[in-house]
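Please examine the structure shown below together with its sequence. The paragraphs that follow lead through salt bridges and then through the packing of helices.

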Amino acid sequence: EGAALRQRFISHMASLWESGRYRHPVLLFSFLARNGSTELALRILPEIIRRKLDECDPAGAAAFCDPRSLEFSVPPTAEQAKELAAVTALGRLRAALLERNEEAAEAEQEEAKKLAGSDLALSLRGEVLIERAKYFLSGGSATAALDELKRALLLYQESREDKPEVTAERG
């Protein structure tokens with residue numbers, strides 16, 4: 001009965017978060033990660049990192065960008081570990097750019113380069129390319145930035161071809 005109650009609570013909290021009515025993603029992430037809901041916790045992690053960086057808190061984001069420091073009671077699967085690596089590398093790259101730390105940004109950009117060629121989900125690969133474009137643009141290389149953005153756009157178009165949406169009707 002305790003496990004069923006915990007699962008109902010997790011479902012309730014997840015629905016609150018998905019609807020935007022739960023405003024404490026760090027607490028929710030920690031609870032989910034420690035209670036075996038690794039998949040859901042990993043869905044929340046990018047939002048936490050993004051929010052910390054939007055608040056100009058690269059140190060706060062860094063706390064969530066080291067996979068070794070994240071406590072999961074159920075370790076991520078191999079597929080989830082790849083996505084975790086990508087999300088945290090993107091967070092570190094964004095933080096380095098925000099702090100204007102060229103050396104760290106270069107290292108994270110190289111990591112992102114490896115990830116962009118991997119078998120990640122198309123949307124995540126596109127996000128990697130966009131972040132690399134920001135890196136190149138911050139270094140004054142507009143041509144390289146544009147090349148990365150083109151690659152990201154092609155990935156986006158490819159993903160739309162796989163899942164065509166219903167066209168909107170004008171009325």
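Arg132 and Glu148 form a salt bridge, with their closest N and O atoms 2.8 Å apart; a salt bridge is a side-chain nitrogen of Lys or Arg within 4 Å of a carboxyl oxygen of Asp or Glu. This pair links distant parts of the chain, since Arg132 lies in helix α7 and Glu148 in helix α8 (residues 142-162), 16 residues apart. Helices here are DSSP runs (H or I, at least four residues), numbered from the N terminus. Arg132 is buried, with a relative accessible area of 5%, and Glu148 is buried at 6%. Buried means under 20% relative accessible area, exposed over 50%, and partly exposed in between (1.4 Å probe, protein chains only).

The model is predicted: local features need pLDDT of at least 70 and side-chain atom pairs count only at pLDDT 80 or more, while totals for chains, interfaces and linings use all residues. Residues are numbered from 1 along each chain as its sequence is written, and side-chain values use heavy atoms, with hydrogens and water left out.

The whole structure holds 11 salt bridges. Another of these joins Glu127 and Arg94 (2.5 Å, N to O). Glu127 belongs to helix α7 (residues 122-138) and Arg94 to helix α5, so the pair ties together parts that are 33 residues apart in sequence. Arg94 is buried at 16% relative accessibility, whereas Glu127 is partly exposed at 24%. Both residues belong to a network of salt bridges that links Arg50, Arg94, Glu127, Glu131 and Lys134.

How do helices α3 and α5 pack, and at what angle? Helix α3 (residues 38-54) and helix α5 (residues 78-98) meet at about 5°, with their axes 10 Å apart. The axes are lines fitted to C-alpha atoms, for helices over the stretch in contact, and angles run from 0 to 180 degrees between N-to-C directions. Helix α3 is therefore roughly parallel to α5, a term for angles under 35 degrees.

In helix α2 (residues 25-34), the residues Pro25, Leu28, Phe29, Leu32 and Ala33 are buried. They lie on the same side of α2 because they cover an arc of only 125° around the axis, taken from the directions from the helix axis to the C-beta atoms. The buried residues of α2 pack against α1 (2-18) and α3, while Leu27 and Arg34 are exposed on the other side.

Conventions: Helices (H or I, at least four residues) and strands (E, at least two) are DSSP runs, numbered from the N terminus. Angles under 35 degrees count as roughly parallel, over 145 as roughly antiparallel, 65 to 115 as roughly perpendicular and the rest as oblique. Contact means heavy atoms within 4.5 Å.
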